[in-house]
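Subject: Structure handover

Hello,

Here is the structure I promised you. Please open it next to this email and follow along.

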Amino acid sequence: QVQLVESGGGLVQAGGSLRLSCAVSVSIWSINIMGWYRQAPGKQRELVATITNGGSTNYADSVKGRFTISRDNAKNTVYLEMNSLRSEDTAHYFCNAHQIVLGTNDYWGQGTQVTVSS
């Protein structure tokens, strides 16, 4: 069982920055894809960014050039650096671990709230 614990959310003004962290209970080498998703009130959960265990990244068009996903393998932690935040970035942000071992497993954290005031 993989456990994920997010931190780093909060209230920030538009144009500001935040860094989210996701601590993983197992070696992240064993996780094929780590990702950040978000869900705003009344909306579906959407992909924000992913990073593979090979270091390849993928971003939603809405965050390209503003957000950066990274991983620290020694600390088993994944980060989401968010710059130039906008009010539309306000959402609950979730960390996801997508693991392919004898089948596919997806694990989720409880999430952390990001609120951007305009």
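Below are the findings, grouped by region.

One caution before the details: this is a predicted model.

**The core**

The largest nonpolar core has 31 residues. Leu4, Met34, Trp36, Leu80, Met82 and Tyr93 touch the most other members. Seen by element, two or more residues each come from β3 (18-24), β4 (33-39), β5 (46-52), β7 (67-72), β8 (77-82), β9 (91-100) and β11 (112-117).

Leucine 80 counts as buried because its relative accessibility is 0%. Its contacts beyond four places in sequence are Leu18, Arg19, Leu20, Trp36, Val48, Ala49, Phe67, Thr68, Ile69 and Tyr93. Serine 70 is 10 residues away along the chain, and the two C-alpha atoms are 6.6 Å apart.

Now look at cysteine 22. It is found in strand β3. Cysteine 22 is buried too, at a relative accessible area of 0%. Leaving out residues up to four places away in sequence, cysteine 22 touches Leu4, Val5, Glu6, Met34, Trp36, Asn76, Thr77, Val78 and Cys95. Note Cys95 in that list of contacts. Alanine 97 is 75 residues from cysteine 22 along the chain, with 10.0 Å between the C-alpha atoms.

**The four-stranded sheet**

Four strands make an open sheet in the order β1-β3-β8-β7. The pairing is antiparallel. β1 (4-7) and β7 are the edge strands, each pairing on one side only. On average, neighbouring strands are turned by 15 degrees against each other, direction ignored.

Six bridges hold the antiparallel pair β7 and β8. Threonine 68 faces glutamate 81 of β8 across the pairing.

**Around β11**

Which residues of β11 are on its covered face, and which on its uncovered one? Thr112, Val114 and Val116 are on the covered face. Gln113, Thr115 and Ser117 are on the uncovered face. In a regular strand, side chains alternate between the two faces of the sheet.

β11 has a parallel partner in strand β2 (residues 10-13), joined by four bridges. There, glycine 10 stands opposite valine 114. β11 also pairs with β9, in the antiparallel sense and over three bridges. In that pairing, tyrosine 93 is opposite threonine 112.

**Two hairpins**

β4 and β5 are antiparallel, with six bridges between them. Tyrosine 37 has leucine 47 in β5 as its bridge partner. The two strands form a hairpin with six residues between them. In the turn, glycine 42 has a positive phi of about 80 degrees.

β5 goes on to pair with strand β6 (residues 57-59), again antiparallel, over three bridges.

**Rings and a charge**

How many aromatic pairs does the structure hold? One. Tyrosine 37 and tryptophan 108 make up this pair, which is edge-to-face. The centres are 5.0 Å apart, with 70 degrees between the planes.

Why does the pair tie together parts that are 71 residues apart in sequence? Because tyrosine 37 lies in strand β4 and tryptophan 108 in strand β10 (residues 104-108).

Is tryptophan 108 buried or partly exposed? Its relative accessible area is 37%, so it is partly exposed. Buried would need a value under 20%.

**Where to look**

Go on to cysteine 22 in β3.

Best wishes

Methods: Residues numbered from 1 in each chain as written. Heavy atoms only, no water. Core = buried A, V, L, I, M, F, W, Y, C linked by side-chain atoms within 4.5 Å. Buried < 20%, exposed > 50% of the residue type's maximum accessible area, 1.4 Å probe, protein only. Contact = heavy atoms within 4.5 Å. Pairing = 2+ DSSP bridges. Axes fitted to C-alpha atoms, helices over the stretch in contact; angles between N-to-C directions. Phe/Tyr/Trp six-rings, centres within 6.5 Å; stacked < 30°, edge-to-face > 60°.
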